[in-house]
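Let's walk through a multi-chain model the way two colleagues might at the screen. One asks how to read each feature, and the other answers.

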Amino acid sequence: MRIEGQYSFDGPREVLWELLRDPKVLAACLPGTQSMRQVGEREYEGEIGVRVGPISGAFAGQLSVTNEVPPASCTLTVEGKGKVGFLKGIGNIDMTDQGQGKTLMKYTGEVQIGGKVASVGQRLFDSVSRGMIEQALGKLNEQLQARASSR
Amino acid sequence: MRKLFDLDLKVNGTRHEQAVEPRTLLSDFLRHDLGLTGTHVGCEHGVCGACTVLLDGEPVRSCLLFAVQAHGHSVITVEGLGAIDQLHPVQEAFRQAHGVQCGFCTPGILTTVVAFLAGNPDPSEEEIREALSGNLCRCTGYQHIVDAVQLAAQNMKTAHEQPAR
Amino acid sequence: MTKTLIGQRVLRNEDPRLLTGQAQFVDDVEIPGLLHAAFLRSDHAHARLLGMDVSAARQRPGVVAVFTAEEMGDDWQPGPPLVSPPPTAKDVLFYSRRQVPLVKDKVRHAGEAMAVVIAESRYIAEDAVEDIVVDLEPLEAVVDLEKALQPGSHLVHDDLESNLAAHLFQKKGDYEAARRQADLVLRRRIVIDRGAAAAMENRGIVAQWDEKSQHLTVWDTTQAPIPIRNGLAARLGLSENQVRVIAPFIGGGFGPKMMMFYPEEMLIPWVAKKLKRPIKWIEDRRENFYATTQERGQIHDVEIALSRDGHILGLKDVFLHDTGAYDPYGLTIPLNTQCHAMGPYDIKNYSTEVSVVFTNKTLVTPVRGAGRPQGIFVIERLLDAAAKELGIDPVEIRKRNLIPADAFPYEHGIIDQAFSPLILDSGNYWPVMQKALDMIGYEKFVREEQPRLRKEGRYVGIGITPFIESTGVGPYEGARVTVEASGKIHVATGVGTQGQGHFTTFAQVVAEQLGVAVGDVRIVSGDTAEFHWGTGTFASRGAVVAGNAIHAAASIVRRKVLELASKQLQTPQEELELEGGMARVADIPDKSISLGELASLANPLRGAVEPGTEPGLEATSYFGPRYGATAFGAHAMILEIDPETMMIEIKRYVTVEDCGTVLNPLILEGQIHGGVSLGIGNAYYEKLHFDENGQLLNASFADYLIPSATEMPRIEVGHMETRSPLNELGTKGVGEAGTIPVPALFSQAVENALADRELEILESPLSPNRLYELWSGKEAR
Amino acid sequence: MKPAPFDYYAPTTVEQALAHLTEHGDEAKVLAGGQSLVPMMNFRLVQPSVLVDLNSIPDLAFIQPDETGGLRIGALTRHYQLEVDPLVAARMPLLHEAVPKIGYPQIRRRGTLGGSLSHADPSAELVAVSVALNGRFRLRSPRGERWIPAQDFFIGLFTTVLEPDELLVEVALPPLPARTGGSILEVARRRHDFALVGVAAVVSLDGKGLCRQARMVFLSAGDRPMEAHRAAEVLAGQAPTPEAFQAAAEIAASDDIHPSSDIHATAEFRRHLAKVLARRALDRACRRAAEKE
């Protein structure tokens, strides 16, 4: 399933870029991320608990950041697998200055879902993935505002 | 295993007391614990309707109920409608109108129709199709089933009108 | 014989049991000590199996055993080929790759079984399945038929050079020459997508190994108990007489239960024998969407050459057929497509070429229709396009091309699914089509109603589609008919039954011969202990092939009865009649003897049976047709489309069938009704949505849309009878007639309703969303 | 397809139920009709370790008139009871019209009002209707009770303001203003499937026959019931003409909803259908309002 969209951040691009490089921040922003361990240069592992109303699944997740072009663009890859199936998301992120210390993030990518959730829950994917992305970006923006104001 | 539940219910007029695991589906309890295999299981997610039984007279999906939920209630299955040598009027109508092919969806349809006709003894074809909309059948295209329900309604009406001797 | 039973609306013998919950289906089998199986199935469509840890599952209380491919050792073998490629056909290429009991090296479709858990209950077995940890390395899935054949595509079977599973070319006449003379040549690309059979009963197997008697009993939801028994015996190293396969009442077959062997079908008996415990596995609905075979996926690049007056000069079809991850069923489906793409038409020049493609999807084997609907869809869509191009009425262009009544038997010069020459045995096509037109009031609708409704801004459309159905193919079936001392008749035959009413139609055939009540004829089918020669119930052949075998056996028994009765009553045979269970002298009531008494006399306890004679009033007989009988029919439909919501409502539906001698019109109508409902599903509701990774996105009845009572129109059924010269009864099959023409007819009626939009429908199934895209000229797909 | 193990409680009072929920928190699920929950449990998408079954609490099933002309409905009231109750038909015709569109007959015999609302499926008729009718929900927890307006209750896909130890016990539907009509329309593949999109409309006319208030709530058009605020603004004070309805429908379909794509329909087709249904629903609701003299 293709995803694309954009989000306007209330902070400068350089700070946003720092945040994206900080695994603690990523862990805090990815919905339901319990833990995150660095397992390689820009590669992380952790537990993600995805919850949609009554449906909840624990996923053993991996996150990696590649194609970094500081402070402008990179590729985020999230993978997880659990009892209810697996998911894989690849997102290309592009950041541009909007002036007044704002940053516009454009993202495009693919979400792949498999197993039980895919076979009986298809009607939910679209809004779930959109919801999770918006949630993550919202959290990131909060962190950004905090970090930016603390300067 | 989780704590067992002491279940006490009536099925087809007979009382049963039995300890069951809470997660046991009513459909499995009826079929495998009580051996009432007339109730069929087609999807276990509440769409096909093959497992429909009457709970206190109401048609419900036995695959979406836990046996423990029938505690203190009364269940009627297809076995409780009529016997081979003494078919229920609805069963008889299904035979007359050829409303049965493979017969797998039939028990759930019979229980649904018995309850439906009790509430609506003189239904239109549209109402009948609406009443059947929660029971999938792959063999008949529903037409002979609809005919059977109409026939059953007629027969039960005339039987009702004739004074019992 | 006084009155004939053939053709009567006889009520079904099997119904009382089915109506009271007393009929035994596989999941109803209970055996003391029964254990239950559940499978671990792959989430991925294509992946390398790197490892599996089943230790936690084994330790779970209530779990008896867990098996993987490794544990099977040498017993791990791919299933036997079900149907070999056509030996007679030239230019045939076929790579046989068969399904495996459990994944060993790599997963080839989502839902393929990787391990089986045996436990005290299905609940515990499913708990334990979740305990298993699998290490899979995902590979790119092969999903798209065209991409699959492009060089560099990932391979479903690494040992093959490409994903080409088979290639078959057939021709008659000279298409290129015909094309050169044509006034009009049309070329189209036609896409038909996958659907499921979705019988209400999922598959199931119960296997019991008796160590003391060294005997295996298997209850199986199969359409082919005898081949299953033979295959199991061979695989388990047993004599065929050590294996009994019972196909009890079966909750709908529709083709996939003809598939032999499913991995579970081989595995469960193997486990039962290994553990010396009875095992039950009942497929659940989600498994059914992955593990039970499917059909229909094809892409046709097709060309038709016509003369100005609408005569078909030639047809050229090049198509791809999706066989899924394996191809155990050979070329049956594409052969059917090739044979039906000429429809009921007199086509002299034909060239057809199929490439069968492996994909990372569930296996494909016949589903009610079995390649025929695709063939009919192709030719009928082309004729509708041609009619528009040439400005000829759609009925007229068909009439001009129908095979004329005096042309039968009509030899096509290509081979059919049974590898015998495609010969249309008999038929009189136009009157059937005419009757359908009359029944739906075609003239009046087109002249008066449609114009009036169009003025009111309503989008109503009509269509009519003629079609053929090849039925009753060989090789053979057999039956044993016995008169018992009770006077009741016992009939044993090999074919299984899945709701077709065999217990009644077969009984009618026997009762007709022996002058007994239909209710006094007991049919036993699908139990190898009762009869162990035969193939199975498929290709609309039960009533034709088994029916005629039973007829033959009953005729012999009739002769034996008359011979013995004539001795007993000292009356010449020709003066005797069989009626009401008695052999009697026509007009002397007291000069009679019951069949029961005769049966006892034929099986004496003392005295001597004459040399050269057999005891009992019994006969076993077989029937194998020279080639398949071909039925004909025409369906017509009126529908209305809401031009804003794109929702379609079928207003009227008419079918006229010519399937030779009708045994029981009541049952025949039931077959048509059910067939049409699957056809309507195929045309408008039922599509298996595989995403680009081979994930099935609608593996539930909530998202896979089977027509319900509120979607089905009333179906008006008409009959014509052209006997088949190929068998005594003159019967042809009708099992798939309801399904075959529907998608073609539906598209025709939709185009007709939207005539002012001039849109062309070259795909099936359709949906409101898709229609909206076509309507608003958006080719988003 | 068998559910994972769980412990089962069948309290007979709301207090007991709340006690169980408090004790088990997130581990527990409430079982009402179970017609959405149990399929998910059978698929093992949901594996609660505790089920608290409300079906033995008699006080939760009731349909009562309130003195102002509205209705008070207990959370455990079955869909079927709403379908046949004369009071519902008389006072809340929109609800009466909506219920037969839910699931199948057997599902409606078992499914409950409170269950559907707490499940918060954006495709559920009752969810949209409860907002369209200005419903107010009574929630109880060990901390006491609170009343929440329907439109504030639903906060996301399958997500409400309910705390883990809180129960929806009652729904209050206020009386409809004079000269008010309602209509619910859906497009579904099969009659009883989840709607590709649907809309519940409530129109109130003023003395001059102008739209005093026109309210539309869409289902299957976002992650919650989607109320068409912009369209409502445009219609307020307008004469109920086809043009006005068309304009409002177009605004609603483009600005007020966020439909998703799935295998049955693209977001674009859903917007198209929303526009068509909105126009038809407004027209029907308005005719019905006009009849109420």
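Q: What should I know before I start?

A: This is a predicted model, where local features need pLDDT of at least 70, side-chain atom pairs count only at pLDDT 80 or more, and totals for chains, interfaces and linings use all residues. Residues are numbered from 1 along each chain as its sequence is written, while chains are lettered from A and ligands numbered from 1 in the order in which they are written.

Q: How do I read confidence, and where is it lowest and highest in chain A?

A: pLDDT is the predictor's confidence in each residue, from 0 to 100. Where it is low, the predicted coordinates should not be read in detail. Chain A has a mean pLDDT of 88, with 99% of its residues at 70 or more. Within chain A, the lowest confidence is in strand 2 (residues 33-40), at a mean of 84, and the highest is in strand 7, at 93. Helices (H or I, at least four residues) and strands (E, at least two) are DSSP runs, numbered from the N terminus.

Q: How do I judge the overall shape of chain C?

A: For 781 residues a compact globule would come out near 28 Å, and chain C agrees, because its own value is 28 Å. Its C-alpha trace spans about 85 × 75 × 50 Å along the principal axes. Chain C holds 20 helices and 32 strands.

Q: And what about chain D?

A: With 293 residues, the rule expects a radius of gyration near 19 Å for a compact globule, and chain D agrees at 19 Å. Its C-alpha atoms fill a box of roughly 60 × 45 × 30 Å along the principal axes, and the chain has 12 helices and 14 strands.

Q: How is burial decided, and how much of chain C is buried?

A: Count C-beta atoms, placed from the backbone, within 10 Å of a residue's own: 20 or more others make it buried, 12 or fewer exposed, and anything in between partly exposed. In chain C, 61% of the 781 residues count as buried. B:I128 counts as buried because it has 23 C-beta neighbours inside 10 Å. Beyond residues up to four places away in sequence, B:I128 touches B:P123, B:V146, B:V149 and B:Q150. B:V149 is 21 residues away from B:I128 in sequence, yet their C-alpha atoms are 7.3 Å apart.

Q: Which elements pack against helix 4 of chain C?

A: Helix 4 (residues 122-131) of chain C has 8 of its 10 residues buried, so it is largely enclosed by the rest of the structure. Its buried residues pack against strand 1 (35-41), helix 2 (55-59), strand 3 (63-68) and strand 6 (113-119) of chain C. Two of those buried residues are C:A125 and C:A128, and both are in contact with C:V117.

Q: Which pair of chains shares the most contacts?

A: Of the 5 pairs in contact, chains B and C share the most. There, 45 residues of chain C meet 46 residues of chain B. Helix 18 of chain C makes the largest contribution to the chain C side, 7 residues. Chains A and B have no contact joining them, and their closest C-alpha atoms lie 10 Å apart.

Note on methods:
Two residues are in contact if their C-beta atoms, placed from the backbone, lie within 7 Å. The radius of gyration is taken over C-alpha atoms; the globule rule is 2.2 Å times the number of residues to the power 0.38.
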